[in-house]
2 protein chains.
Amino acid sequence: MKRYRNGGIWDFEHQVPLSTNRPVILGLDGGTTSTVCICMPIMPLSEPLPDPLPVLARALAGCSNHNSVGETAARETLEEVMADALSKSGSNRSAVRAVCLAVSGVNHPTDQQRILSWLRDIFPCQVKLYVRNDAVAALASGTMGKLHGCVLIAGTGTIAYGFTEDGREARAAGAGPVLGDWGSGYGIAAQALTAVIRAHDGRGPHTMLTSTILQTLDLSSADEVIGWTYADPSWARIAALVPVVVSCAEAGDEVANKILKEAVQELAISVKAVVQRLGLCGADGKNYFPLVMVGGVLEANQRWDIGKEVMNFISKDYSGALPIRPKVEPAVGAALLALNEEKDGKEISGADAMPLLDALALAKAVRRLMAKAMHYLLL
Amino acid sequence: MKRYRNGGIWDFEHQVPLSTNRPVILGLDGGTTSTVCICMPIMPLSEPLPDPLPVLARALAGCSNHNSVGETAARETLEEVMADALSKSGSNRSAVRAVCLAVSGVNHPTDQQRILSWLRDIFPCQVKLYVRNDAVAALASGTMGKLHGCVLIAGTGTIAYGFTEDGREARAAGAGPVLGDWGSGYGIAAQALTAVIRAHDGRGPHTMLTSTILQTLDLSSADEVIGWTYADPSWARIAALVPVVVSCAEAGDEVANKILKEAVQELAISVKAVVQRLGLCGADGKNYFPLVMVGGVLEANQRWDIGKEVMNFISKDYSGALPIRPKVEPAVGAALLALNEEKDGKEISGADAMPLLDALALAKAVRRLMAKAMHYLLL
């Protein structure tokens, strides 16, 4: 266990009195915009879980998607945010029993292995380590640690990820802006910037997006949009224009409306692809399953509510889809997964993490959750 | 005039005997994939120009689009390639009378000013300097230095750029991959990679692109395409997959065919936007104008000939479009522009660079050029 990595990230550990060092777990949600680390004490996985959950500390950092910022920067961000959470909770690495690191950009077992190997470099060998795509933590944040159903994330990026009760999993999208994540915040905003260019050079219709975006970015002509776009490769910076697109659509701009409608279709197609491959809706297409919806793009707007439109699309085919807006953030979902695993001592999978429930019991459990958090829900 | 910049780029100048230092001009074509610098002697702008043109030296370097590789790297590449061309021609900076630097990524007067200011840092104040978008040099390479008509470039990137006889200019596309250059080599290849991901996760139809691209990239699964895509941000690396898409389309793959058909439409739309805004086709839509076609994407293929399909689309609306495949490379076009300017001593514009010809005379001149280079032409 290193003590003096990266210019003293772990220096604080000397000051932690051993007496207060009670066992903890870490849950991390590493996205393209920000990274959150939650430190929670080990507790019995009773039903129901304490409300509010006993979070000891929460630390925040920047992007940790290695596809976006590169391996070294991603790793440094993750290490710093864990150190920060432990320091804030008055704890240190010797108190950690399990870590669930849920980061976007984990698309392949080799990604998982690479991250696991440097994570093992930070923590002693008895600490249980789990590396997952950040979508898994988002699902767990909606189902309070149970891996069943489908999650749709639409923030800067987008992904749909699902688990069956017996542990099979599938995903759609989440391949980043170059590879067709057109329903993401980045996708929506890039389409809007493109519409400005096309209107300017005569390839596309006039749109209100031009004046609104130029004003927002403090630019004087559409030509300058090109320089602005490539001046900084951060995906989150582009995605931050989504509210502008929504406001233009709400004001009746046809181009903006078309962009949002296509995004809705794309997001719904991602969910449908996952539900179909896993058979989450059962043979008759009517089985209940939780559909956790997360991310800025799905937040309710004045009139143009992207999340609601996506849900309308999905409900037409799958009447059993039960929309859930999580009460807790994805990093807490990651912490709950780590807690499950610490208890079971097995590697995370759908079957390990959740008692087998039949569809009806699950639907009831989900409805209870929904009733508890009415104001967070779509229905 | 600096002698020891960037670790001795200009060191070679000490060895150039002054007696052989006859006046020269430099023409540069700086693209997203490569940069070419041509050194030519000052010569009378007689009609016709000598064939072949008296090129003293040609130097080659990598990408110099500042939007793709950043300002510092772009600048270093441009400086090195100019030094290389002068060194190869047994010349030095004191022999240079004019430089035409045509680089992709020049989209706004501020881009032009920034590049001019550091170019002035390299050359003495009596050297005439011209900075243009690389499309201008490509047009000049097809019209042998005359700025009239429209050029369509489709290589890694794409742009349409046009000039009227009286010096008005317009462009369409050329805004890079984020901003809707869907007909570019990058655009075509990114769509193909996206099709592989969508087929894999259930959002799109099965396509031959999957096996062909995985084999080409030596990957074992579609998941690995994500890591491959983001491992290196170079646009040229993605665009290099275009031949794979063409071969799949020729083998009858529907997804690949759809991608190419959409690219053809996009490229034709860019040309039409420029022709329409400049009125190049005259009031009745039938005036002759040169349409210079440049770049790997427009090269003839076995059965699927993207350039020919684009031309078919354009001819439907503008029967006077005279397709030209240049005999010389764009860097030579840039050198001819520099030559024109050195002679005139004025800043480049359409009116300055070209004697006013009526449409018929122009059409005849173009047809002469075409007859001279039949095997380079589309018709």
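A polar contact is a pair of N or O atoms within 3.5 Å; within protein, one atom must be able to donate a hydrogen and the other to accept it, and residues adjacent in sequence count only if both atoms are side-chain atoms. By this rule, 19 residue pairs (both at pLDDT 80 or more) are in polar contact across the interface of chain A and chain B. The structure is a predicted model, in which local features need pLDDT of at least 70 and side-chain atom pairs count only at pLDDT 80 or more, while totals for chains, interfaces and linings use all residues. Residues are numbered from 1 along each chain as its sequence is written, chains are lettered from A and ligands numbered from 1 in the order in which they are written, and side-chain values use heavy atoms, leaving out hydrogens and water.

Salt bridges also join the chains. With a salt bridge taken as a side-chain nitrogen of Lys or Arg within 4 Å of a carboxyl oxygen of Asp or Glu, the interface holds 2 of them. In one, Arg198(A) meets Glu266(B) at 2.9 Å, N to O. On the side of chain A that touches chain B, strand 8 (169–173), helix 5 (185–201), helix 7 (223–231) and helix 10 (254–278) each supply at least two residues; helices (H or I, at least four residues) and strands (E, at least two) are DSSP runs, numbered from the N terminus. Helix 5 of chain A gives the largest share, 9 residues.

How much area is buried between the two chains? The figure is about 3,100 Å², 59% of it from carbon and sulfur atoms, where buried area is the accessible area (1.4 Å probe) that two parts lose on being put together, summed over both. Leu179(A), Arg203(A) and Tyr230(A) supply 24% of the area that chain A buries against chain B, more than any other three residues. Contact, meaning heavy atoms within 4.5 Å, takes in 38 residues from chain A and 39 from chain B.

The same surface serves both copies, as 100% of the contact residues of chain A recur in chain B.
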